[in-house]
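Work through the exercises below with the sequence and the model side by side. Try each task before reading its solution.

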Amino acid sequence: MNHLEELFHRRSVSRRRFLNLAGASAGAAAVLTLTDGCSDNGPSSSPAPPTTPPTTPPTTPPTTTLTDADILNFALNLEYLEAEFYLRAVSGSGLSTTDAGTSSGAVTGGTQVAFKTPAIQQYAMEIANDELAHVQFLRKALGTAAVSRPAIDLTNSFNAAAMAAGIGPTFNPFADEASFIVGAFVFEDVGVTAYHGAAGLLTDKKNLAAAAGILATEAYHAGEIRTLLTQLDVPYITYANQISALRAKAGGGAETTLSAGAIVAADTNSISYGRTTDQVLHIVYLNATAGVVKTGGFFPNGLNGTITASAT
Amino acid sequence: MSYENQSVCGAGVEEKVSSRRSAILLGGAALAGLALGGKALAQTATVTDADILNFALNLEYLEAQFYTIATSGMTLEQAGISTKGGDGTAGGAVTVKGGAKVAFTTPLLQQFAAEVAKDEQNHVKFLQSQLATAAVAQPPIDLMNSFNALAMAAGLGATFDPFANETNFLLGAFIFEDVGVTAYQGAAGLISNKTYLDKAIGIHNVEAYHAASIRTRIFQAGVAAQSASQAIAATRAKLDGTGTDDVGVGVVSGASTIVNNDSNAMTYSRTTSQVLNIVYGGGPAGTGGAFFPKAMTGTIK
């Protein structure tokens, strides 16, 4: 704990100067609009060109119009989920009240993993630090527009995913370090595809630069986790691929079956997949049924913000 | 910042990192205007998307040659992959020692190396197809003297053979991959076409997957390999003029440093000029050096 607190303090101190400069980007984000690419059917489809920004933000945004703030808040929801998972795994406790927002939802489950391998504990610490920094960065960049942490479920969600994936009736990613790596796998590639899809929807170049920096960090995490899985014993890589198949079913394909010679999740041009916000919602709500989904899986009460329900 | 198992990378990194991020947040325009010591001002003129994709293609030629040779002993042309320009111009020569195929002993690493070789070949082919007749030919590439010069600069000895064994291969790969990530990140802000941007982001991600897997394996290879990666990272940061925007593999405050990112957990971005300074080993813009002894092909060089 002392280690963690010290490290978090270090990060938050060094963040401050930078964020002062980033303030302008949040303000700009609130008034920028663009055409929603979310109703596209495939990850390869291009977003429509930006529309002319209105002079004032609409009070009730139509479903086809998203601001950069909407998209960054969508990302923030995903970062809350990842941060809670990793922070609880390394320390037993999650985000502070300050980092979760004033009207934050409850978190179900998540306990400290009894790491046996120092290296795996160090990997987990690093990723926990990164996800916390992402939450803090996005909250600061969004300012008063930042949504609070929604309710998050880290127990029933994994059990439901395990059942749907054919792994078994229960799965506890906090049970041991190998299970933890499988749990991490559930999230990381999804983060990459979500940011990839979202990057093209952002209008402000500053937000794009920030998103690209977060996105590549998620890709590092994913590459690391996938590498570690290929080094584990048989059942774990099988579990991971069962999860991958489940994600593909819910999220429009966009998966590469993991093996020693397939560390990277990418298409036949060796370009990573992008997912629409709809596809990401189907995955995190653990609902592969086509149509509108609003809650479920990791977010029992849904996401917070404007992007909360899938259109298709 | 200091690594727990090493003491490399001077103090005050956090402060400098923060100020570097502020420069990046000013956006593409500021990035394009950043010049280092009067060197390589390639972005002062307007660059087109094709210019940027050709810049990326040069980097992909370099990576593809390295991995293809390491895994098969063949150059791209020998492996049946064209290095010609879209106008038919022949690709430049590759300088590499004889018998450079790495004698892999770890099947997991060998399979991964083959995957990366395929990915980089695919990137070359994809960019060539997108650029069509505008695609540049491969410039002359040096995979021998370049590594020796970098090793000297990093304090790793007078020579370095990235094909000698598995650990050296990992360190050779390490030299490229993180640079690829930063280059694509910087380039993404300069691309105007949304489809190209999407593809660039997608390649950017794949380079990050590669970088992570290589860094994880360096971490597992032990303290000596980690230490070498830290020396290389410091050298890259010195070459790009910041001295701070690069993190080697190690342990800091109980956490590993698999991801090469800043205190906001964002990966670094480099301008084309900064990338050129690294791959040229500090050689002059337009003239080249190190991996590109005759400079890159295209307008950004």
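**Exercise 1.** State how many helices and strands chain A has, and in what pattern they follow one another.

*Solution.* Helices (H or I, at least four residues) and strands (E, at least two) are taken as DSSP runs, numbered from the N terminus. On that basis chain A has nine helices and four strands, and reading along its sequence gives α-β-β-α-α-β-α-β-α-α-α-α-α. The model is a predicted one, in which local features need pLDDT of at least 70 and side-chain atom pairs count only at pLDDT 80 or more, while totals for chains, interfaces and linings use all residues. Residues are numbered from 1 along each chain as its sequence is written, and chains are lettered from A and ligands numbered from 1 in the order in which they are written.

**Exercise 2.** Decide whether A:Gly305 is buried or exposed, and find which residues it touches.

*Solution.* Begin by locating A:Gly305, which is found in the segment after α9 (277-284) of chain A. A residue is buried if 20 or more other C-beta atoms lie within 10 Å of its own, exposed if 12 or fewer, and partly exposed in between, with C-beta atoms placed from the backbone. A:Gly305 has 21 C-beta neighbours inside 10 Å and therefore counts as buried. Leaving out residues up to four places away in sequence, A:Gly305 touches A:Asp70, A:Asn73, A:Phe74, A:Asn77 and A:Val147.

**Exercise 3.** Describe which residues each chain brings to the contact, and which element of chain A gives the most.

*Solution.* The contact takes 59 residues from chain A and 56 residues from chain B. On the side of chain A that touches chain B, the elements giving two or more residues are α1 (2-31), α4 (118-142), α6 (177-199) and α7 (205-230), and α7(A) gives the most, with 20 residues.

**Exercise 4.** Compare the reach of helix α7 of chain B with its expected span, and explain why this helix is described as largely enclosed.

*Solution.* Helix α7 of chain B covers residues 194-221, 28 residues in total, and reaches 40 Å from its first C-alpha to its last. The expected span is 1.5 Å times one less than the number of residues, and the reach of α7(B) is close to the 40 Å so expected. Because 23 of its 28 residues are buried, α7(B) is largely enclosed by the rest of the structure. After the helix comes B:Gly222, with a positive phi near 110°.

Key: Contact = placed C-beta atoms within 7 Å.
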